[in-house]
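My entries follow in the order in which I checked things.

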Amino acid sequence: MNSFATQIISSDGMFYFGRVKSLVVPATDGAMGILPGHEEMIIALQEGILRYQDGDDLWHKAAIGRGTMQVANNRCTIVVDTAEKPDEIDVKRAREAKERAEERLRQKISDREYRMMQAALARALTRLKLTTQD
Ligand code: ATP
């Protein structure tokens, strides 16, 4: 047992479905690593970079939005608002989203909009970070 079945589902559909040897997810308290045989759990995920090593030992990265991860019976199910591979990211769009969110955060806005703009800023920063990593 050196791998575990993993599915990553976003609002756009199935992002990844296959065996994974190692997985690192952005949990609310920092990066969390998952290896085969991990104990059962359900945790919240925050905007950030997810990494996984597939059955051929290749590492992949994705920018994800908020969501949840369940690990049970050596299977991992990740459900997130959004997920993009590095080459799917439109850098200009992410820069514009970052600027829009920063501009709104400088203004007097409701608590609800403040939280929404913070989340939008976190998504944009994650996308930009992923496109500048090698
Ligand atoms: P925007 O304001 O540019 O729409 P957003 O963060 O509000 O950004 P989301 O609601 O997170 O956008 O995503 C909506 C859809 O657009 C999802 O399918 C997501 O994968 C995609 N998406 C958002 N931003 C980008 C981007 N910069 N490059 C590629 N796909 C993106």
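I first wrote down that a polar contact is a pair of N or O atoms within 3.5 Å. The model is a predicted one, in which local features need pLDDT of at least 70, side-chain atom pairs count only at pLDDT 80 or more, and totals for chains, interfaces and linings use all residues. Residues are numbered from 1 along each chain as its sequence is written, and side-chain values use heavy atoms, with hydrogens and water left out.

For Arg100, a side-chain N or O atom lies 2.7 Å from a ligand oxygen, and for Arg127 the corresponding distance is 2.9 Å. On its own the ligand has 590 Å² of accessible area (Shrake-Rupley method, 1.4 Å probe), and the protein covers 71% of that.

Next I listed the shell, meaning residues with a heavy atom within 4 Å of the ligand, and among them are Asp12, Thr82, Glu88 and Arg123. By class, I noted eight charged residues (Asp, Glu, Lys and Arg count as such), besides two nonpolar and one polar.

Domain 1 (4–84) and domain 2 (89–132) each supply at least three shell residues, with bounds from an automatic or database domain assignment.

Definitions and conventions
A polar contact is a pair of N or O atoms within 3.5 Å; within protein, one must be able to donate a hydrogen and the other to accept it, and residues adjacent in sequence count only if both atoms are side-chain atoms.
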